[in-house]
Amino acid sequence: MSTARVARSVARHRARLTRVLAHIDAHLDRPLSLATLADVAECSPFHFHRLFAAGVGVTVHRYVQLARLERAAARLAFRAEQRVTAIAL
């Protein structure tokens, strides 16, 4: 495979992951299925799961968990008027 072809492939994968990460961030308060995220990435769920894990370093499920925990921690730290149970839900 030529260097230019590899570079185009890497750029496509990076663009797919960027779209998916933006989608996850915008929809953390909703269910995020592997099938939905694979659709955003425009590839099969199997291929997407491998692509995501290789590119991000953790599985999709773990990434979503960590993103939700990070958002909850920020809300706990900076939004004193919200109840802990409301943030948890």
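Here is a short chat about how some features of this predicted model get their labels.

Me: What should I know before we start?
Reply: Residues are numbered from 1 along each chain as its sequence is written, and side-chain values use heavy atoms, with hydrogens and water left out. The model is predicted, so local features need pLDDT of at least 70 and side-chain atom pairs count only at pLDDT 80 or more, while totals for chains, interfaces and linings use all residues.

Me: What is the average pLDDT of the protein?
Reply: pLDDT is the predictor's confidence in each residue, from 0 to 100. The protein averages 89, and 92% of the residues score at least 70.

Me: Why is F52 called buried, and why is Y63 called partly exposed?
Reply: Buried means under 20% relative accessible area, exposed over 50%, and partly exposed in between (1.4 Å probe, protein chains only). F52 has 0%, so the residue counts as buried. Y63 has 25%, so this one counts as partly exposed.

Me: What makes E42 exposed?
Reply: Its relative accessible area is 60%, so E42 is exposed. E42 is found in the loop between α2 and α3, and its phi is near 60 degrees, a positive value in a residue other than glycine.

Me: Why is the pair of F48 and F52 called tilted?
Reply: Rings of Phe, Tyr and Trp (its six-membered ring) pair if their centres lie within 6.5 Å; planes under 30 degrees apart count as stacked, over 60 as edge-to-face and the rest as tilted. A search of the whole structure finds two aromatic pairs. In F48 and F52 the centres are 5.7 Å apart and the planes at 55 degrees, so this pair is tilted.

Me: What makes the pair of F52 and Y63 edge-to-face?
Reply: Their centres are 5.6 Å apart and their planes at 75 degrees, so the pair is edge-to-face. F52 lies in helix α3 and Y63 in helix α4, so the pair ties together parts eleven residues apart in sequence. F48, F52 and Y63 form one aromatic cluster.

Conventions: Helix = DSSP H or I, 4+ residues; strand = E, 2+ residues; numbered from the N terminus.
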